[in-house]
Amino acid sequence: MRKLLFESLIRPPLTERPPQVSDAAVDELARALDGVARKRLGRSLSIRAVDAGSCNGCELEMHALNNAFYDIERFGFRFVASPRHADVLLVTGPVTKNMREALKRVWDATPNPKWVVALGGCAKDGGCFAGSYAVVGGVSDVMPVDLHIPGCPPPPIEILKGLIALLDGANGKAGALQPPRRETSGQSN
Amino acid sequence: MPALADLIEAGRRIEHQIPWPRAVVAPKTWNLAVEQLVSGRWSLLGLWGEPDKVHMALLDEALDVGVISLDCRGGRYPSVGQHHAPALRLERAAADLFGLAPQGLPDTRRWLDHGQWGVSHPLAAQPGGPAGASSYRFLAAEGESLHQIAVGPVHAGIIEPGHFRFTAGGETVVRLEERLGYVHKGIEGLMAGAPIERAAKLAGRTSGDSTVAYSLVFARAVEAALGIEVPARAIWLRALMAELERLANHLGDIGAICNDAAFAIMHAHCGVLRERVLRAADAAFGHRLMRDRILPGGTANDLDEAGTGAIRSLVAEIRQRFPHLVELYDNTASLQDRTVATGRLKVEFARQYAAGGYVGRASGRDFDARRTPGYAPYDELAFDVPVLQEGDVNARVWIRVREVEQSLSLVEQILGRLPGGPIRVDIAADNVADGLREAMALVEGFRGDIMVWLRIGGDGTIERCHMRDPSWFQWPLLEAAIEGNIVADFPICNKSFNCSYSGHDL
């Protein structure tokens, strides 16, 4: 452990910073996100992830948001363990019929004001699973959706962009319980 | 002692099944095969239904693969699960989907069907009316002062949904029972009648972390059925993607297991290496998880010099950093205290369930589909299959560590010998003009062997496709491994298995 810790002292940080480690976009995004998040919510937005039937691809990229490159917590975004602590439900997957009831209960357990973000192509309209006897469809077939982040799965950077869009929307209607529904731009498949 | 080939010889051989034989057998032969499973000489690779048939894929002592099928008169057949427990959930699933009734099945509770579909037996020739929701009776555990803990389907992290019912005496788990099926999407139903391209997309979305392995096993089955020769370069590129996927998942798992033992530094460093793999995959193949990059007939992308460079520097970085992490894992007593002797899976169970991947190999089962039955290009590559006997969380970590090292070597070997030429051939529809074609394929995903069996109809669409995730034979073993451990050790045991929900639920 000493060796690793010592190396950490002399190695540059991995956390996305000016272009050097990777895309300048991440840094730009980081600054924008920071400003928006602070303005609207002080410094915190609690996210509850709910897999309503996904293939687990979206979850992998959500996990990546917590790694040293994206380090989503530095913006005040935090994945929480209970819907009672959540501001945002981040829902993935085509909603399966076997998960519909559980998803509704999560929604009911989340205090107002709350937002729902549908993550990935399947969460929008069921994706390639639409039409199955076992699938309800997209998240909006079960609850109101404030934002959809497309992609299969959306890369972490797109998820971050989507969360900014959500905060932008929320700021536009500060105080309102339900911000306008909108869609982020970006790749879709 | 019969060999599998003898049983197949005794049945009515299906001519158009490739590459392993299939035969429709008499109930007597079927039961003879079940006896071989019970005796432990053979392994069950899969069991699945069709509206009027049930199929069983088997692996015999000589590691020969074959499929036997039984006509189900009146939708009935003699249950395999009553004698050989690994078939239990597979039979319950086939009962839910096709309405097949295994005679003598000791557990007749519905498995995938939670009474929500609005239809029963959706894949049967004549689906029935709504099944209606009924409460699920969990298996009983009796004793003084036992209490139950219900967890899920929605879990407290970024995890797939499933329900765990613990019965505990104090802190000690007396019984764990899983209830799965929450993410059942009806993939096999969607595949029936679908064109090959659409079915390939569905296969690649069966389990997100194994999208490469699923695309590969599906493509291999289609190519076998249609008699398509895939260009050499594509075969090697596919193996390259498969090893990158294995690296990413193993690195992520090693970190996540340590994180469940409150050792976050490993999680952070392994997370960095995993992200590096995904970025290299993105640079090389244009998608972080390499989704839809393997298609029947070849690959979607070629690898250019920049991509090769990205992968080479990835290998160099992991080779430099990973040994320090392994050393840290090995030298941290508090971490070893949590992983050694925790969640021990007995060697007998791993053998009985034919557990694939690190779950089986950490408990003495020396099996890897890349080696046996094997497929190109692994026959031309040098690699070891690590096997341990301890069967605890620690052993499952070490199997992953050794496999990371093997995959790094495989990636280097592949890059060094990558043949030139085209990366794809057309899968022409006229290939199927002469009627039905069946095929089966077995591919080693990071989690274990994935099996696909499919039949392509005369019109070139998928008539029936069955995909069997390794998790089918690993989930039940988690129930066995946790017994006698404390509730607080469940997360670390569960993570060390890392079974797929979506791949299992289909």
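Me: Which residues of H2(B) are buried?
Reply: This is a predicted model; local features need pLDDT of at least 70, side-chain atom pairs count only at pLDDT 80 or more, and totals for chains, interfaces and linings use all residues. Residues are numbered from 1 along each chain as its sequence is written, and chains are lettered from A and ligands numbered from 1 in the order in which they are written. A residue is buried if 20 or more other C-beta atoms, placed from the backbone, lie within 10 Å of its own, exposed if 12 or fewer, and partly exposed in between. In H2(B) the buried ones are Thr29(B), Trp30(B), Ala33(B), Val34(B), Gln36(B) and Leu37(B).

Me: Why do the buried residues of H2(B) line one face of the helix, and within what arc do they fall?
Reply: The arc is that of the directions from the helix axis to the C-beta atoms. Seen down the axis of H2(B), the buried residues line one face because they fall within an arc of 155 degrees.

Me: Which residues are exposed on the other side of H2(B)?
Reply: Helices (H or I, at least four residues) and strands (E, at least two) are DSSP runs, numbered from the N terminus. The buried residues of H2(B) are covered by elements of chain B including helix H1 (4–10) and strand S4 (43–50). Exposed on the other side are Pro27(B), Lys28(B) and Ser39(B).

Me: How far apart are the end C-alpha atoms of helix H2 of chain B?
Reply: The expected span is 1.5 Å times one less than the number of residues. For the 13 residues of helix H2 (residues 27–39) of chain B, that should give 18 Å, and the end C-alpha atoms agree, at 18 Å.

Me: What residue follows H2(B), with a positive phi?
Reply: The phi in question is near 85 degrees. The residue that follows H2(B) is Gly40(B).

Me: Which element of domain 1 of chain B gives the most to the side that touches domain 2 of chain B?
Reply: Domain bounds come from an automatic or database domain assignment, which divides chain B into domain 1 (4–103) and domain 2 (192–473). Two residues are in contact if their C-beta atoms, placed from the backbone, lie within 7 Å. By that test, 22 residues of domain 1 of chain B are in contact with 20 residues of domain 2 of chain B. With six residues, the element that gives the most to this side of domain 1 is S4(B).

Me: Is Asn494(B) buried or exposed?
Reply: Asn494(B) lies in helix H16 (residues 490–497) of chain B. Because 22 other C-beta atoms lie within 10 Å, Asn494(B) is buried.

Me: How many residues of the side of chain A that touches chain B are nonpolar?
Reply: The contact takes 40 residues from chain A and 41 residues from chain B. Ala, Val, Leu, Ile, Met, Phe, Trp, Tyr, Cys and Pro count as nonpolar, Asp, Glu, Lys and Arg as charged, and the others, Gly among them, as polar. On the side of chain A, ten are polar, five are charged and the nonpolar ones number 25.

Me: Which element of chain A has the lowest mean pLDDT?
Reply: pLDDT is the predictor's confidence in each residue, from 0 to 100. The mean for chain A is 80. Over residues 173–189 of chain A, pLDDT stays under 50. The lowest mean among the elements of chain A, 47, belongs to strand S8 (residues 182–183) of chain A.
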